[in-house]
Amino acid sequence: MVEWESLLKEAGERVQEVRDRLVASQQGNERVGEGAGGDTTMRVDKEAEDEIIEVVMQKGDLRLVAEERGESGPKDARWTVIIDPIDGSSNFERQIPFYCTSIAVLDGKTLDDASHALVRNLVSGDTYYAEAAGYATKNGSEIKSSLVNDLREAMVGVDVSKTSLPVVASLNELISSVRRQVHFGANALEACFLAEGKIDGFVDVRDRIRVMDMAAAYLIGKRAGAVFSDRQGRPVKPAVNVKERFSIVGAGNKALHAKMQAD
């Protein structure tokens, strides 16, 4: 039996050590290449991902879908590990204290096959964890998503960065209806805020999300009670690779999700 919980938490701790060391030495922002998705790779990205891969490869043959290295390993492997070593790299670069590491394990080929997930806030050290057969936790304590079902009382995360004017316009009614619209710059961690009820909804309909950004938080959110769909209200079913881009609408409960979709 694979002890995925202990492996993922060990990986999260190792990334924390990398982050702390590189922040102290002020070397984390050094450019060291280009990742599989085409983004610039900073030293913190590379070293964090290397540590995660070293830990999870204790399992043996795996398929990896990783932010920097891309896709590797046997396509018929039972386990697929999806890695975003630093989600919120721009925040890290600007010393904005909101970024995380995100690791998900799939026992199958789709996002719905996520079996274990970890997101670690690399500023506070808070660790979110979930398993498909269990509940979501933060630092070992169970978390639940919000029961707010009135848009006028809802705080909703909305990512509109690098998007088109028509997409922004399509969100006008929702943004004008909610109590407050926010965005923090690291979608995996923001979705974990949804899981623990700090925010009531999360929307990213830019068709720019990659599976590395959302796989872990998707399972954590679902096990906490959150509801997710694509922008048309359909199940979220992206291809599990580094190129696929998709959108997501999440809410703490079904009633709020339906109202957000209607807007």
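The accessible surface of the protein chain amounts to about 11500 Å² (Shrake-Rupley method, 1.4 Å probe), and carbon and sulfur atoms contribute 46% of that area. The model is predicted: local features need pLDDT of at least 70, side-chain atom pairs count only at pLDDT 80 or more, and totals for chains, interfaces and linings use all residues. Residues are numbered from 1 along each chain as its sequence is written, and side-chain values use heavy atoms, with hydrogens and water left out.

Of the 263 residues in the protein chain, 53% are buried; here buried denotes under 20% relative accessible area, exposed over 50%, and partly exposed the range in between (1.4 Å probe, protein chains only). The C-alpha trace spans about 45 × 40 × 35 Å along its principal axes. A compact globule of 263 residues would have a radius of gyration near 18 Å, and the 17 Å of the protein chain agrees with this; the radius is taken over C-alpha atoms, and the globule rule is 2.2 Å times the number of residues to the power 0.38.

The protein chain contains eight helices and 15 strands, defined as DSSP runs (H or I, at least four residues, for helices; E, at least two, for strands) and numbered from the N terminus. Among contacts with a separation of 6 or more, 64% join residues 24 or more positions apart, a contact being heavy atoms within 4.5 Å.

Turning to charge, the protein chain carries 34 positive and 42 negative side chains, with Lys and Arg counted as positive, Asp and Glu as negative, and His and the chain ends not counted. The centres of the two sets lie 3 Å apart, each charge being placed at NZ of Lys, CZ of Arg, CG of Asp or CD of Glu.

There are 26 salt bridges, each requiring a side-chain nitrogen of Lys or Arg within 4 Å of a carboxyl oxygen of Asp or Glu. In one of them, E67 meets R210 at 3.0 Å, N to O. This pair links distant parts of the chain, 143 residues apart: E67 lies in the loop between strand 3 (63-66) and strand 4 (70-72), and R210 in the loop between strand 13 (201-209) and helix 7 (211-224). E67 is buried at 9% relative accessible area, and R210 is buried at 7%.

A further salt bridge joins R231 and D207, whose closest N and O atoms are 3.7 Å apart. R231 is partly exposed at 31%, and D207 is partly exposed at 41%.
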